[in-house]
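Morning, everyone. I have one model to walk through. Here it is.

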Amino acid sequence: MKAVVLHKKGDLRYEDIPDSQIKDPKEVKVKMLAGGICGSDQHYYTLGNNGSAIVVREPLVIGHEGCGVVEEIGSDVKDVKVGDMVVMRPARPCFHCKFCEKGMYSYCLNMRHLGSAATMPHVQGLFADYVVVHEAQCRVVHDMKPEVGAFAEPLSVAFNGVHSLGDVIGKNVLVMGAGPIGCLCVAAAKACGADRVTAVDIRQQTLDIARKMGADEVCNSKENPDQITAWTADKGHFDCCIEATGNGFAASQAMGMVLPEGVVSQVGMFGAGAGPKDLGAFATKALKWRAVFRFYDEFGPAVNALQNGTVDPLPLLSATFKAADCVKAMEAALSPETMKVELTF
Ligand SMILES: [Zn+2]
Ligand SMILES: [Zn+2]
């Protein structure tokens, strides 16, 4: 079968690899339909790593966002059947370590995450004709466009960002950063009952898409810094914030704009040394700053939102390429002009 394999930094190939085979009675073989290129896939391609600890040391099939159709099931699979369309969660916890026993699956000591170089051997990802996953990683969907299903994983991250804010019903929510994750956070906050959602970014193009994703108001902080100043005056303007830039300066700005004792949900990942330098507002307004690491329980509600149309992710889809054109697709994904780029198989 064919797969999209990263050999080393900048060396991405569409090539033959051995067929994926079911080895565990709980496993499912899925024929892939569509997969989204994520920021972490882009990091593997441009840098050969994701942070200093996760380095590509052997050929890696990238990809962890995707959906497909069940082709074959193991002897003990109960929740899916051949022919079902499924979206897949990338995390495969062990279900028996000390964290799994407490239901804290994201912190599993033996985690296998699709398309990740964190372990050796690497866990091969979704950008292949066929993939084998645990049935617990699958969720059956009905009549869903494959390009929509591929958004289940990033939308789950967005739902976790909203989840960590607590109750958002009737709240005035700020989203810093209107990239793909920021825009999905806008949609997730609206889906969870936020009254008003305001998106801030420095790129007009992404702000226009944030509006399509449900933002009531947008602000270009580069062109309109006075608006940021106004929202910062008198101890802030927003009940809470999802920080989706991973930029320390923007995170400081966000803290300035949130009202005292409000929550800032940190969805954006800071690179080494790139955290906020000014934590004044954090301290003097007793803000609650919560990190968001992946997701677990949020996957179900995110898939439901895609299934029932509460969230339409398609304004974010900039381009779709055949897997054979994976290098072109990756270059397109890296362009500042695009939001989400997907592959078809
Ligand atoms: Zn992703
Ligand atoms: Zn575990």
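Let's start with a helix pair. Helix H7, residues 225-232, packs against helix H8, residues 248-257, at about 45 degrees, with the axes 7 Å apart. Helices here are DSSP runs of H or I, at least four residues; strands are runs of E, at least two; both are numbered from the N terminus. Axes are lines fitted to C-alpha atoms, for helices over the stretch in contact, and angles run from 0 to 180 degrees between N-to-C directions. H7 and H8 are therefore oblique to each other: under 35 degrees is roughly parallel, over 145 roughly antiparallel, 65 to 115 roughly perpendicular, the rest oblique.

Who makes the contact? From H7, Ile228, Trp231 and Thr232; from H8, Gln253, Gly256 and Met257. Contact means C-beta atoms, placed from the backbone, within 7 Å.

A word on provenance. This is a predicted model: local features need pLDDT of at least 70, side-chain atom pairs count only at pLDDT 80 or more, and totals for chains, interfaces and linings use all residues. Residues are numbered from 1 along each chain as its sequence is written, while chains are lettered from A and ligands numbered from 1 in the order written.

Next, domains. The assignment gives domain 1 (2-151 + 313-344) and domain 2 (155-291); such bounds come from an automatic or database assignment. Their C-alpha centres lie 28 Å apart. Six residues of domain 1 meet nine of domain 2.

Last, a sheet. Three strands form an open sheet, ordered E2-E1-E6, with antiparallel pairing. Pairing takes at least two DSSP bridges. E1, residues 2-8, is joined to E2 by six bridges. Lysine 8 has aspartate 11 of E2 as its bridge partner.

Technical notes:
Two residues are in contact if their C-beta atoms, placed from the backbone, lie within 7 Å.
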